[in-house]
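Student: Could we look at this structure together, one question at a time? I would like to see how each answer is reached.

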Amino acid sequence: MKSDNLRNSIYSQQSANFRELMVSQRKLLNLSQKGLSEKLGVHHSMIGKIEVGDRRLEILEFINYCKALEVSPCDMIKRIENSL
């Protein structure tokens with residue numbers, strides 16, 4: 001594995017695929033960005049920044065984000081892996 005794979009741009013196709021999986025899950029639950037932000041207890045602009053790639057999720061944030069999206073973090077990781 002090349003070391004630059006660990007530093008993929010937030011604007012790479014892989015990152016775009018990841019964000020689309022998260023957005024799709026949010027929409028599947030009929031949640032707006034504001035609705036998701038309320039579940040997470042964060043400002044709605046944070047959700048927008050995550051979804052367009054202006055902000056990354058740390059691992060613990062990812063776990064909480066998945067729980068708010070009613071999906072297991074492990075299942076989401078499998079979905080992400082399958083999309084690569």
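Student: Which residues does L36 touch, not counting residues up to four places away in sequence?

Tutor: This is a predicted model, in which local features need pLDDT of at least 70, side-chain atom pairs count only at pLDDT 80 or more, and totals for chains, interfaces and linings use all residues. Residues are numbered from 1 along each chain as its sequence is written, and side-chain values use heavy atoms, with hydrogens and water left out. Taking contact as heavy atoms within 4.5 Å, the residues that L36 touches are R26, L31, I47, Y65, A68 and L69.

Student: Which residues of helix 4 are buried, and why are they on the same side?

Tutor: Helices are DSSP runs of H or I with at least four residues, numbered from the N terminus, and buried means under 20% relative accessible area, exposed over 50%, with a 1.4 Å probe and protein chains only. The face turned away from the buried side of helix 4 carries the exposed residues L60 and K67. The buried residues of helix 4 are F62, Y65, C66 and A68, and they lie on the same side because they cover an arc of only 155° around the axis, taken from the directions from the helix axis to the C-beta atoms.

Student: At what angle do the axes of helix 4 and helix 5 cross?

Tutor: The axes are lines fitted to C-alpha atoms over the stretch in contact, with angles from 0 to 180 degrees between N-to-C directions. Helix 4 (residues 59–68) and helix 5 (residues 73–83) have axes that come within 9 Å. Since 65 to 115 degrees counts as roughly perpendicular, that word therefore describes the two helices, whose axes cross at roughly 100°.

Notes
Angles under 35 degrees count as roughly parallel, over 145 as roughly antiparallel, 65 to 115 as roughly perpendicular and the rest as oblique.
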